[in-house]
Structure formats: C-alpha cells, structure tokens
Amino acid sequence: MDEMGHPPDFLHYRLESKPNCPLVLQDLKELSEGLEGRSSNPVALLYDILNHPDADTGQDLPSLLAWKNHPEQHLDHVVLGRGPPGGSWQAMEGDVLTISRGTWMELANLSFREWEESVCDRQLGSRQKRASVKNVARYYHDYVDIKGLRPYFRDSAEVTSVRRVDQLKNGSNENNDRGLWQVTGHIRTAEGLEDFQYLTPNVVLAIGGSDRPNRMNVAGENLPFVVKSLQAMEQLISSQQLNSRSEPVLIVGAGLSAADAIIAAHFHGIPIIHAFRRKATDPSLIFGQLPSNMYPEYHKVYQMMKDNGMTYSGYTPMEQSQVVRIQNDGKVCLQGPECSTRIKVSYVVVLIGSRPSLSFLENKGRDLTVDVTKPISCRNNPLDVDLFTLESTKQPGLYAMGPLVSDNFVRFAQGGALAIARDIHLKSCPFESKEEVSNPPILHVPQESVNYLDCPA
Ligand SMILES: Cc1cc2nc3c(=O)[nH]c(=O)nc-3n(C[C@H](O)[C@H](O)[C@H](O)COP(=O)(O)OP(=O)(O)OC[C@H]3O[C@@H](n4cnc5c(N)ncnc54)[C@H](O)[C@@H]3O)c2cc1C
C-alpha cells in the first residue's frame, strides 16, 4: 500500500490486466495470492484491501471499489433469519460501543458515516470513530430497505432442517446433478407459526457464532440466578433485581463482553467479584492488544483487573480462578491458584464466549468441521471450506461465511460473500468461467439457469 491507499503493485497489475471485468467474475485465487492480513481467508483479505485500504495501519481511506447494479446477473435467493436484518447486532446491548470503527461496520456501497449523519445526532469525542451497537443494528436494518433488498428477506424465520434431497433432480438443468437441498422451518406471524419449505442447489450458512453460550460444565450452572448474556444482566439491572444493595454479582470471563458487564455493573454501583482463568498480566488477554486512546473504557477494566482491587471499591478481581460449583443457596465455590473459596452472590454472569448451533443439519453438522472429533469453534475448529469459494469440502452446495469460517469481524465477512457469490454465479453460468480470461463480462445470464424453487408447504 502506498500513502494514497493504492493496492500493492502485484495486485494493481493483476487488476489492470482486466480493467472492465467485475470482481465477481475474476479469478479470485489469482488476485488474492500473496496478500497478508488479519484474516486467514484470502478472498476476505482481497476484498478488505480494496474496500478499506491500509486499514490495519490505522488509515481511514476511501474504498477503491465501485459498485454497479447488473439486474440481468441477478441470482434468485432468499434470506431467512430469526429476527430482523442485522443478525446478532439486533440482540446486543445497544449502548455499548463497537470495537471496530464505524466505517469498518459498513456494507457494500452505503457509507456508514453518511448514513449516521443523516439519521442521528453524532456525539463527537475521543471515541468518535467507533459506532454504538444501536446505530450499527439500525444501519443494517435500514440497509436492506435503502438497497431495495426487502423482497428477499423473510424475518422471524426459524430454519429447523437443511437436508440433501439427492433423488430430486430437475432434468432441465445440469447444475442439479449434485442434488438439491431442502430447507424447512417456520415463520412466526401474528396468527402463529407458518411452515415453509425451499428447494435449492445452494445453501449459504451465515448464522454467526453467538447462538450457544459456552458452558462452564459445573454443577448448578442452570440455576435461575445464573445468566449468560450482557443483555440478561442489563434486564436485571433495569428491573432493579440487581442493584447497589444486592450481594455481589459474580462476573466470569475476561473478554470484551465480560468487560462490558463490569462497566455496566460498576456504573450502577453494584458490587462485583470478577473471576477469570488467566493471570491479569497475561499478555494474551485481549485488552493489551487494544490501543488505549481508542478503547479507554476497556483499559480502565484492564487496570482494575491488574490492580488487585486496591483502588476500585466494589470491585474484586480473582485471577487464575475457576467456578467449580454453584449452590442453590447462592453460594459459589471457586478454585484459585492456591486455595478454594466459597462466596455468596446475587447473580452469576457467565461471559466466556459462544459457539454456533448447527442443530438443523444432519448429524448436527459435526462432520463438517476441520477436526471432526471436536465441537465446532469459530476460533479453533471452524467449518472446513475451500479457501476460494467457501464451499464445504464435505458437502457440495453448502457454503459458510463469517464467524463459521473464523472471520469474526464484519470487515472480513464480506469477502466471504464475494467468494460465494462468484462460485454460485459461475455454477449457474459455467461458460463465464472459461471465457473470463479472454473476454470481459458476459452480461446475459438466462433466468432459467438459476435453479431455485420456492415451495411453501
Ligand atoms: C458482543 C459482540 C461484539 C462484537 N463486536 C464486533 C465489532 O466491534 N466489530 C466487528 O466487526 N464484529 C464484531 N462482532 C462480531 C460480529 O458480530 C460478527 O462478525 C457478525 O455479526 C457476523 O455476521 P453474521 O451475519 O455472519 O452472523 P450474525 O450477526 O451472528 O447473524 C446470524 C443470525 O442468524 C440467525 N440464526 C442462527 N441460526 C438460525 C436458524 N436456524 N434459523 C434462522 N436464523 C438463524 C441468528 O439468530 C442471527 O440473527 C461482535 C460480536 C459479539 C458477539
């Protein structure tokens, strides 16, 4: 990258060799070869380098991508989601600030900054580059309307089963030789549940990584005073079930969600006991990796953790400690580095990460991960996919993106969408892949080449 945010020379030359060819029709493997950055998915890096040039060195340069709508290239599709557009952002605590800059949260061809200026009063300050979760959720919701995508979205839709239907083939299209997927579930309406069923050659899993909170696997974990989200804790505070006169709240974990919980509880004067497995000075804790001028609130928590409760009244850190048992009477047994302790608490807030739920797939998707002997983990055991198409190496026609393939930041998840869109497009129109080298874009994709059946049950 030079100071103008131009891509590296080798990428520049590769792009120059096909100046009129849309990215979605180019050889993404060739383009992304040799790129380095904070994603292990090469197409994610390619997209990010073009969309947020030099972002990792702190630059905030304009995108190098230009967007053109080609309605004739449209692929029939539907987006099924439990809630409104915005996925897990709609379920997060709204007042918290994102770790990422606002511009890194934006989607294709709609400036987050311009959108934000048009809809809300921005409060400028030292953290002005970061957006509030509330605004990000609203931006994603608005994006769908502004970009005319609403007809493709089915909100309040729960997918309960995704199964291969190999015997079902549509003779008119050779793409179906690999079989179809049957996707079933229900939509929640004012009248009740309505079943749906779709048959499609391609399914994209974009279910994020926060459906199932990680478990501590200790006795008493399911007791009613044990909660597993920041939102649940906020509800307890707003309903006054948890307040400054309560017994201490035990917050377990040392990630950013645990830090958010500490900030919220501290703000309301609630006494806190904070248990975490590592030493407070462990360099692998996330806090040490965040610049203090951008993330002062997390650095404050970091300081509190290292301070051993000397300066901050109402906050007691317990480093190298693990919960071993939670009792009905509100007492929690903790094992520390030297001894075990039993403490009385009002609530236990467990924020130790989460994982996706693939319960709607055959065998709960267990055979789709890199290491099939271990449970899925966005960080350590993602879905095993082809690096350049994000298609499952084990199930053709099944794709995965975002946290499921270890792209835990919105910035990188979008390159995954590019890789998938390209692959599905070329499957639907195989001639383009052969001709792309010599001829720039072929703009006419016959509608009938897209095999998609919408069959409400
Ligand atoms: C607390 C927290 C803070 C974060 N902060 C940042 C940040 O600052 N910057 C950043 O870039 N990233 C951040 N992330 C990560 C970011 O949220 C994800 O990278 C991003 O949301 C992934 O988008 P997605 O669409 O793949 O999944 P999600 O946003 O998780 O959306 C997936 C959706 O699929 C739905 N779903 C799952 N199963 C089914 C089913 N069977 N049927 C129907 N719907 C289903 C889920 O309910 C969910 O709504 C944060 C994540 C968390 C948890």
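Is G86 buried, partly exposed or exposed, and how many other C-beta atoms lie within 10 Å? G86 is partly exposed, because 19 other C-beta atoms lie within 10 Å, and a residue counts as buried at 20 or more such neighbours, as exposed at 12 or fewer, and as partly exposed in between, with C-beta atoms placed from the backbone.

The structure is a predicted model, in which local features need pLDDT of at least 70 and side-chain atom pairs count only at pLDDT 80 or more, while totals for chains, interfaces and linings use all residues. Residues are numbered from 1 along each chain as its sequence is written.

The chain holds 10 helices and 20 strands, where helices (H or I, at least four residues) and strands (E, at least two) are DSSP runs numbered from the N terminus. Of its 457 residues, 33% count as buried. G86 sits in the loop between β1 (79-80) and β2, and, leaving aside neighbours within four places in sequence, G86 is in contact (C-beta atoms, placed from the backbone, within 7 Å) with A137, Y140 and H141. The C-alpha atoms of G86 and D142 are separated by 9.3 Å, although these residues are 56 residues apart along the chain.

**Helix α5**

Helix α5 (residues 133-146) has 14 residues, which should span 20 Å at 1.5 Å a residue, and this agrees with its end C-alpha atoms, which are 20 Å apart; the expected span is 1.5 Å times one less than the number of residues. Its buried residues are V133, N135, V136, A137, R138 and Y139, and they pack against β2, α4 (112-119) and β3 (130-132). After α5 comes G148, whose phi is positive, near 70°.

**The ligand shell**

The ligand is surrounded by 28 residues, and the closest are G87, S88, T98, G208 and G402; a residue is near a molecule if its C-beta atom, placed from the backbone, lies within 6 Å of it. The shell lies between domain 1 (1-82 + 156-212 + 354-457) and domain 2 (83-146), because both give residues to it, the domain bounds coming from an automatic or database domain assignment. The table divides the shell by residue class.

| Class | Residues in the shell |
|---|---|
| Nonpolar (Ala, Val, Leu, Ile, Met, Phe, Trp, Tyr, Cys, Pro) | 13 residues |
| Polar (the others, Gly among them) | 11 residues |
| Charged (Asp, Glu, Lys, Arg) | four residues |

At least two shell residues each come from β2 (97-101), β5 (157-165) and α9 (410-428).

Conventions
Contact = placed C-beta atoms within 7 Å.
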